[in-house]
Structure formats: C-alpha cells, structure tokens
Amino acid sequence: MLLHQRPHQKPPSAGDSVPISSASAASAAAAPSRPLPLLTLPYLFSLLALLLFATLLLPWGPTRPSSVPASPWRAYTLQEAAAFAAAAGNGTVLLAAVSGPYIPFLSNWLISVRRAGRADQVLVIAEDYETLERINAAWPGHAVLVPPAPDAQAAHKFGSQGFFNFTSRRPRHLLQILELGYSVMYNDVDMVWLSDPFPYLVGNHDVYFMDDMTPVKPLDHSHELPPPGKKGRTYICSCMIFLRPTEGAKLLLRKWIEELKEQPWSRQRKSNDQPAFNWALNKTAGQVCFSLICLLTIQEDRAKIVLKICLQVDVYLLPQSAFPTGGLYFKNKTWVKETKGKHVIIHNNYVTGFEKKIKRFRDHGLWLVDEHSDESPLGRI
C-alpha cells in the first residue's frame, strides 16, 4: 500500500456500538481522496538526494584557512634566480639541471664545486616541483623551475624520448641567461671538479667546450674546432659549456634550438641534444654571413640594396689534459699517470645507469657524498 493511499473504512457491523453520523459519512463520501505532498516517495527521494548533495559539496561550518601555505618558490622566476646567482659570481652563473633521481649526483658535484669556492654562484634548474622545493628548503634561492615541467619519471633513461625532452630544454635556459646579460657555465651533474676551471677560460672567446673523443691529443693541441668525424660532424660534448653574453654565443644557441627542431627524437633515431649541438657548432663556428635586402624608395623609383652582414662565432676547445672525457680518464691508466696533476673536471660518461656511474666514482675515490656529505650545501641526502 502506498503512503498516499488511505485505507477505506469498513462498513459498521451490527455489533458496533458507536454509529457513524450521517453528516460525517456524507462528508467523507463527498471529499475526494488527495495524497499528502510531503509524504510522497518521489518527494522523499528528492529530499534525500538534496541532503546528500549538500553533504558532499558544501562545507559544514565556517571556512578554515589552509594550514599549508603556498610555496613561494613556484613563483620564483629565472630572471630572479639568475640575478641571485650572478651577484655572487661577478656576473657569471654556474648552471646545472636535475630531476629528483639525480639529486645524489648534484650533491656530489656541489661538494667539489664548493671546494673550488664557486658554490654561491650555482643555479639549479629543477625539472620537477618536488626537486624545486627540496633544494630550496636546504639551500634557499639556488633552484628554479622554468615551466612547463617535463615528465621527470620519463627523463632518466639515456636515449629515451623523455631524456631527449629533458636535455632539449638546455639551450633555451642558456639563451635566456645570456639575454639577461650574464655569462654562464653549464655542467652535467655526473661531473667532479678537481680544481677551479675558470683560470682555463683564457682569452675572450664566445664559447668554450670540451672534446668527447677518447684518442689522446698532444698536450699542445689546437684549440680550434676539431674536424668532423665519420658522421660529418664533430664530437664536442654538450656536458660542459661556457658562454659569454655575446651575439656569437646567442647565435650558436639559436642554431642549436633550430637543429633540435629539425632532428626530433624518433624510435629509429634515439637522439639526445648533443648531435644537434655539434651540427650547430659546425654551421656557426668561424665567420657566418647573412645577406640583408633593403628596398629604398626615392620618389617613385625603388632601389634594391643588398647588405652583407658577417658575424664571427669565436669558439675555443679546452685542453684535453684538463677536461678529459670519461672514456679516456676511466679507461686509460697510462694517460692518467702521464697527465697527473693536470686534471680539472672529470666527466663520468661513456657508461650508463646510476649504479654503474656511482660504482665507477667510488672505485676512483670521486664519490664524495659517502664521507663528505657535510660539505654539500644540500646536507645529508
């Protein structure tokens, strides 16, 4: 029986002692049977749904302020961060870029940089927000995130598309810093400084870099761009670059960005940023000329003027004895003995994988975080 249906009264039996008045009976017969609107099932279901909606979506009681304040570092800009680092480095920024898994390598690199007296001018490009917060919590102001943040979990495997996306952001960061008027040195964090590299940046060149080849060069080798290899380009390492805020250096970085767009990552060619850097070097090192066509209107006549503008991109190859590749330093013991005392920055490349890199550093006494974590600006990790 539904809630809005009233039960019909039974007719009185002969034994009923209380008769129904005729007026009441007539009235009841004349009045139509109407449902009570507040007791209908559809109404009750609607009321229940409304209460449930209010419980889920509407706050109960007064709104309380969040107990966790928004992080100020998310609004920290590259312009602010570069100015902060450059102020400690007399106009020069020392740049690195990391995501969370690389923090142990960052800390190891920082210990060696701090021993050389250069830690204050370090700026770390954090590639995820957790890393941004973690570094600045221990070392305020030395990390910045340039949006959008890439997928940090996809950037770890060398040769992957995530790794390409991660490294291809590098020339844009460097160009932004040059546009702000600062010099900048970039380092991969799988490096260790044995001494200060800045005394080796002799002259007033636009760009300084190190070779990534393993054959031994003479100690007095040329500092010009080496000849191309089998693939038609040089094998300069994009792991360590120093650039002055010159038009030549900016031209190189813009060309690097163009090359990355023209040679994107694919499954067939699992590239990284280094081939594009070498193509950019090969196409800009030395004299680069542009033709500028101007149309000059004099009264009703037009004259075409062709202006030839040449720009010199001045490059400098750093000495191999001071800046050896990992394929030479870790594999040629004879060369290491012959050049002892000349080494400045050691790059732990020519091997992939965190554990393999850490083991090799440990085997050569270069994994500093084991016993010297107190020297890291990040503290114990």
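How are H7 and H8 oriented to each other, roughly parallel or roughly antiparallel? Before we get there, keep in mind that this is a predicted model, where local features need pLDDT of at least 70, side-chain atom pairs count only at pLDDT 80 or more, and totals for chains, interfaces and linings use all residues. Residues are numbered from 1 along each chain as its sequence is written, and side-chain values use heavy atoms, with hydrogens and water left out.

Let's start with the overall picture. The protein has 13 helices and 11 strands, meaning DSSP runs of H or I with at least four residues, or of E with at least two, numbered from the N terminus. Of its 381 residues, 44% are buried (under 20% relative accessible area, 1.4 Å probe, protein chains only).

Now for that helix pair. The axes of H7 (residues 170-179) and H8 (residues 247-262) come within 9 Å and cross at roughly 155°; axes are lines fitted to C-alpha atoms over the stretch in contact, with angles from 0 to 180 degrees between N-to-C directions. H7 and H8 are therefore roughly antiparallel, a label for angles over 145 degrees. Among the residues that meet are Leu174, Leu175 and Leu178 from H7, and Leu253, Trp256 and Ile257 from H8, where contact is heavy atoms within 4.5 Å.

Finally, look at the cysteines. The whole structure holds 1 disulfide (cysteine sulfur atoms within 2.5 Å), and this bond links Cys237 to Cys239 with an S to S distance of 2.1 Å. Its S-S torsion is about 140°, so the disulfide of Cys237 and Cys239 is right-handed. Both Cys237 and Cys239 are buried.

Methods: Buried means under 20% relative accessible area, exposed over 50%, partly exposed in between (1.4 Å probe, protein chains only). Angles under 35 degrees count as roughly parallel, over 145 as roughly antiparallel, 65 to 115 as roughly perpendicular and the rest as oblique.
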